[in-house]
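I hope they are handy to have beside your viewer.

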Amino acid sequence: MGEVGPCHFASPCRYSNGQIVTLRTDHVIGGVAIALGILIIAISGELPVGSLSFPGAGLWPKLLAVLMIVLGLTLIAGAREGDAFAAIRWDDVTHALPVLALAAAAVAFYETLGFIISIGVMVFCLALLQKKPVLHAAVFGAGTSLATYVLFTMLLRSPLERGLFGF
Amino acid sequence: MSTFDSLMLGFEVAFQPAILWYAFLGCVVGTLVGVLPGIGPLAGISILLPVTYGLDATKAVIMLAGIYYGSQYGGSTTAILLRIPGEASSVMTCIDGYAMAQRGRAGAALCISAVGSFIAGTFGVLVLTLIAPPLAAFALRFGPPEYTALLVLGLVMLAYLSSTALTRTLLMALTGLMLGTIGIDTMTGHFRYSFGIAELGDGIGIVPVAVGLFGLGEILSTPAIAAITSAIAPKLRDLLPSRTEWREAAMPIARGSVLGFLVGLAPGSAHIISSFLSYAIEKRISKHPEQFGHGAVAGVAGPESANNAASTGAFVPMLALGLPTGPVTAVLMAALLIHGVPPGPTLVNDHPKVFWGFVASMYVGNLMLLALNLPLVGLFVNVLRIPYAYLYGLVIMFCIVGVYAVNNSVVDVWIMLAMGGLGYLMRKVGLDPAPLVLGLVISPIFEMSLRQSLIMSNGNWTIFFTRPIALVLILIAALLLGLALMSILRHRRDWRAKLAESAGES
């Protein structure tokens, strides 16, 4: 076949004889499945497989891992008709990453600062992320967290987290 | 006790004021969930599940089920008025429903959709009433080998009926099964994959995974939704269809009800598949197929009836066999288990008030939804005027609150965030998260059944082929796998790809 030219996720690989190999989503999914299956087998070393007449704790996970590897190989083998990985659009990642980061920050401080402050600030920042005016976002953030606190704590009797400040 | 007497017992339970209130609450929330794009019944049920901890099992499951079938009603409202499917199962309704609205027949489309949903839902409950108890009685003969075979068939059927590739669906189901192994092995006491984290000793909960994949994952994939500044809100007097429209709707409603219920019995996203199938069938048998896509009444009546009947049909395996056929019934099953009511063959006899109260409440719930969705359509549509910039923050807040409330554990919320990121990536590469959730729920049952079967047979795998019920189930699974493999090997488009293509053309 000849040597494979330089390639990365954004462009196909070109062999020296001109044949093009495009990285497809099934290649990536299959590769991840195989890697996951191998990892599970590797970290399951201490779990006893047992015997067929008395299966141990390790039999089921290892069986699943083997099946994952088989399916991963099947996906890779049949990948030539799938979508190209480079064709995936990532422009919404500028929305997804900040949202995830803000949610993570709220969770990190949830038990320390309590529901009202951590969630109120999160909702405020999320509104700012969508380019809402600062005052509107602040009122919405504070109002939402307070109203939800009252709803859950008093009406639904499902208390929400209080932080170090007692609320 | 006869079925009629049992049903009367159920109505005694269902007509208690507190039960009526929670059924109503579930229907309202379900309609709202159906109206709002980006929030499906699964996210709604998962988020509200912790709120039900203070309730008894009957109230909890009635409210949560109300959200499920209520969302099927609500999804059609935005599909018809705005061409926005509030629910995945309302995608087909967008086509002809919106076309009817553009011709000034929005009210007729809404009425046909609501009445068709009511008839289909009631039909589904009737059949559920008749077949669930005998099915449960039959399932009492199931032992571990039969349950193992049934679960294998369930997964294969899920993969076969899925619109995504068989291999990908099976891979997602395997991932879910694998996630279900985290925690203590109940047979030997070994800790598996908990990495020293105490909270993982009990395993990964369904709620963080479901809310993360479907709730947060959807939000991460949706940077914005265009603001709705105005929405058509038909007046009450404009809601009635003409006699011709009723005539055109009658048979599609009947066909959709039967088709939807049968599809609902099978694993998979039945409410979505049933609406696609119904549309394709109605178009195929119509004397005027050219009308489809331009306001054909059958294009609204059939799919809307089918998705409601399917959501009812999905309860049959859940209640009678303890087998969830999709992520929503999986979460409902988890709700029953949390309240100490294990669904399955013994539910009818051991908890008759829960079972029959639930069935009876569905008759009542369908009536409530008919009353809610027609006169109050304008109110529900105005919910869409809430700017997405504020709405998505609310949804994330409820996701965090709901998941934390399950075990008062921040580890669960971190799992939800991780699943949200995973859900976002899965959508990017075209993977369906539903089989993963199903796999997670059935993993403990599957493993236990398999290991018990091997212990029973002293390690002899032929136990699955020597017991008749297990053999039949395995053979059906093998047949489906064979059919799928044949189409892959011949590189032919099978009926699922053709159906998806046909729906895309419309």
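**Notes on the two chains**

1. Chain A is divided into domain 1 (13-87) and domain 2 (93-155), with bounds that come from an automatic or database domain assignment. The C-alpha centres of these two domains of chain A lie 39 Å apart. Before going on, please keep in mind that this is a predicted model, in which local features need pLDDT of at least 70 and side-chain atom pairs count only at pLDDT 80 or more, while totals for chains, interfaces and linings use all residues. Residues are numbered from 1 along each chain as its sequence is written, chains are lettered from A and ligands numbered from 1 in the order in which they are written.

2. Chain A has 5 helices and 4 strands; here helices (H or I, at least four residues) and strands (E, at least two) are DSSP runs, numbered from the N terminus. The order from the N terminus is β-β-α-β-β-α-α-α-α. Of its 167 residues, 31% count as buried. A residue is called buried if 20 or more other C-beta atoms lie within 10 Å of its own, exposed if 12 or fewer, and partly exposed in between, with C-beta atoms placed from the backbone. Taking contacts in chain A between residues at least 6 apart in sequence, 52% join residues at least 24 apart; two residues are in contact if their C-beta atoms, placed from the backbone, lie within 7 Å.

3. Chain B has 23 helices and 2 strands. Buried residues make up 61% of its 506 residues. For contacts in chain B between residues at least 6 apart in sequence, the share that joins residues at least 24 apart is 80%.

4. How do the chains meet? In the interface, 49 residues of chain A are in contact with 47 residues of chain B. On the chain A side, α1 (25-43), β4 (54-55), α2 (59-77), α3 (93-113), α4 (115-129) and α5 (134-155) each supply at least two residues. The element that gives the most to this side is α3(A), with 10 residues. By class, the side of chain A that touches chain B has 33 nonpolar, 10 polar and 6 charged residues. For these classes, Ala, Val, Leu, Ile, Met, Phe, Trp, Tyr, Cys and Pro count as nonpolar, Asp, Glu, Lys and Arg as charged, and the others, Gly among them, as polar.

5. A:Ile69 lies in helix α2 of chain A. Is this residue buried or partly exposed? A:Ile69 is partly exposed, because 19 other C-beta atoms lie within 10 Å. Leaving aside neighbours within four places in sequence, A:Ile69 is in contact with A:Ile34, A:Gly37 and A:Ile38. A:Ile69 and A:Gly31 are 38 residues apart in sequence, and their C-alpha atoms are 8.8 Å apart in space.

6. In chain B, helix α2 (residues 17-35) has 19 residues and reaches 27 Å from its first C-alpha to its last, close to the 27 Å expected at 1.5 Å a residue. That expected span is 1.5 Å times one less than the number of residues. The buried residues of α2(B) include B:Ile19, B:Tyr22, B:Ala23, B:Gly26 and B:Cys27. B:Leu36 is found in the loop between α2 and α3 of chain B, and B:Leu36 is buried, with 25 other C-beta atoms within 10 Å. The C-alpha atoms of B:Leu36 and B:Gly74 are separated by 8.4 Å, although the two residues are 38 residues apart along the chain.

7. Helix α3 (residues 41-48) and helix α18 (residues 388-407) of chain B pack at an angle of about 50 degrees, with their axes 8 Å apart. Axes are lines fitted to C-alpha atoms, for helices over the stretch in contact, and angles run from 0 to 180 degrees between N-to-C directions. The pair α3(B) and α18(B) is therefore oblique: angles under 35 degrees count as roughly parallel, over 145 as roughly antiparallel, 65 to 115 as roughly perpendicular and the rest as oblique. B:Ser46, B:Ile47 and B:Leu48 in α3(B) meet B:Phe398, B:Cys399 and B:Gly402 in α18(B). By class, this contact has 4 nonpolar, 2 polar and no charged residues.

8. Two backbone angles deserve a look. Most residues other than glycine have a negative phi. A:Lys131, in the loop between α4 and α5 of chain A, has a positive phi of about 65 degrees. A:Lys131 is exposed, with 8 other C-beta atoms within 10 Å. B:Asn458 has a positive phi near 60 degrees, and B:Asn458 is exposed, with 11 other C-beta atoms within 10 Å.
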